[in-house]
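Reader: I would like to learn how to read the features of a model such as this one. Please take them one at a time.

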Amino acid sequence: MNSKEYMEQTEQYVLHTYNRFPVVLKEGHGVYLTDADGNDYLDFGAGIAVFALGYGNEAYNDALKAQVDQLIHTSNLYYNVPLAEAAKKLVEASGMDKVFFTNSGTEAIEGAIKAARKYAFLKDGGTDHEIIAMRHSFHGRSIGALSVTGNPHYREAFQPLMGGVKFADFNDLASVKSQVTDKTCAIILETVQGEGGIYPADPEFLQGIKAICEEKDILLILDEIQCGMGRTGSYFAWQQYGVKPDIMTCAKALGCGVPVGAFVLNEKVAGASLVPGDHGTTYGGNPLACAAVSKVFDLFEEQQIVKHVQDIAPYLEQKLDELVSRYDCLSLRRGKGLMQGVVVTGRPVGEIVKKALEQRLIVLSAGSDVLRFVPPLVIEKEDVDEMIRRLERALA
Ligand SMILES: Cc1ncc(COP(=O)(O)O)c(C=O)c1O
């Protein structure tokens, strides 16, 4: 079948919840993807900040193949080897204490919310605890995750959502403080807001929130699903702020394409929240997903991925800044590491994303007016140069 036929078949059988771009992606090598008609695309989207290692990484693929041949699934009624290995590596990389593996980022958020509520319940026996979340945040599409997602457009049709959630303005400490009550059990935010338009937290903001949390025994939940796993130049973005969360969520690049997420707890929460019977999942922590996580950590170390991000990100920033200075329709760049956004003015951002695709370049949008660049973490300078060349053709 050709691309057109695959697209028609998909539209016939798959529920239409996405306006997909008219491309059928078939294989990938390094930072390039190839469609079903043989066209190559330079990928600065990485499957929405997922494929950190680049496509076709032989060691990663071999580890998955070996695990497929050995054991794919066990359930959580038993122990399995990759679970033990992956958990140790995630705990060591984060400096936190205990991990629960999920199947997606959204489920990691659900688990984080449950852990926070249970912690508060054990503290005072009440069940009316509040969570403060941020406007323009994105945490996922399930009812719990939507409840802490600060975008009315995603929420509107699905009310009533989970109760006890208040919203504050990101990077506005006074706004957060004004929402704190004696029932607040947690504050949840992305260390770098992704879908909302690539906004890194200001250090004073995050440090200020941490101080409030410590003073009032409120739990700090940092969502590192998009900005974590090396993307900003450290394993987790909060590691650059001198602020440690009580609970962290991660997913996306954690498995580099195999669906897996996790919430990670410090000892304080781990020791006084979820116990057997409180939370579970059939697939979470299964050998295949955990073999992927384990191999991702090994390869991050072997290939010095975090160091590479630190080295290459200034070049991407410089090239994007130059681009912004050359085009009236681009007004500003912001971001951290290989998570960058460029604000588009006077033109719909979706139009530029579409034109870029015609030039065989994958970039994403974020929010209503931001071009988002979240490439595989293995990009080199020549990939940045090629991206700029293709994007300039699209802008023209
Ligand atoms: C910051 C953040 N949190 C949560 C999610 C939800 O993750 P998933 O799509 O894996 O369920 C996303 C997805 O884009 C995200 O960017």
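**Aromatic cluster**

Author: Tyr-235, Phe-236, Trp-238, Phe-297 and Phe-300 form one aromatic cluster. This is a predicted model, with residues numbered from 1 along each chain as its sequence is written. Local features need pLDDT of at least 70, side-chain atom pairs count only at pLDDT 80 or more, totals for chains, interfaces and linings use all residues, and side-chain values use heavy atoms, with hydrogens and water left out.

Reader: How many aromatic pairs does the structure hold?

Author: Rings of Phe, Tyr and Trp (its six-membered ring) pair if their centres lie within 6.5 Å; planes under 30 degrees apart count as stacked, over 60 as edge-to-face and the rest as tilted. The structure holds nine such pairs. In one of them, the ring centres of Tyr-235 and Phe-297 are 5.6 Å apart and the planes are at 45°, so the pair is tilted. Tyr-235 is in the loop between β10 (219–223) and β11 (247–250), and Phe-297 is in helix α11 (residues 287–302), 62 residues apart. Helices (H or I, at least four residues) and strands (E, at least two) are DSSP runs, numbered from the N terminus.

Reader: Are Tyr-235 and Phe-297 buried or exposed?

Author: Buried means under 20% relative accessible area, exposed over 50%, partly exposed in between (1.4 Å probe, protein chains only). Tyr-235 counts as buried at 13% relative accessibility, and Phe-297 counts as buried at 3%. Tyr-235 also pairs with Phe-300: the centres are 5.8 Å apart and the planes at 20°, so this pair is stacked. Phe-300 lies in helix α11 and Tyr-235 in the loop between β10 and β11, so the pair ties together parts that are 65 residues apart in sequence. Phe-300 is buried, at 2% relative accessibility.

Reader: Which charged residue lies over the face of Tyr-199?

Author: A charge sits over a ring if NZ of Lys or CZ of Arg is within 6 Å of the ring centre and within 35 degrees of the ring normal. Over the face of Tyr-199 lies Arg-334, at 3.7 Å from the ring centre. Likewise, the charged end of Lys-381 sits over the ring of Tyr-315, 5.1 Å from its centre.

Reader: Which residue in β14 is the bridge partner of Arg-334?

Author: Two strands pair if DSSP finds at least two bridges between them. Strand β13 (residues 330–336) is joined to β14 by six bridges, and the two run antiparallel. Within β14, Gly-341 is the bridge partner of Arg-334. The hairpin of β13 and β14 has two residues between the strands, and Gly-337 there takes a positive phi near 60°. β14 also pairs with strand β17 (residues 370–373), antiparallel over four bridges, where Phe-373 is the partner of Gln-340.

Reader: Why is strand β14 described as largely enclosed by the rest of the structure?

Author: Six of the six residues of β14 (residues 339–344) are buried, so the strand is largely enclosed. Met-339, Gly-341 and Val-343 point one way, while Gln-340, Val-342 and Val-344 point the other way.
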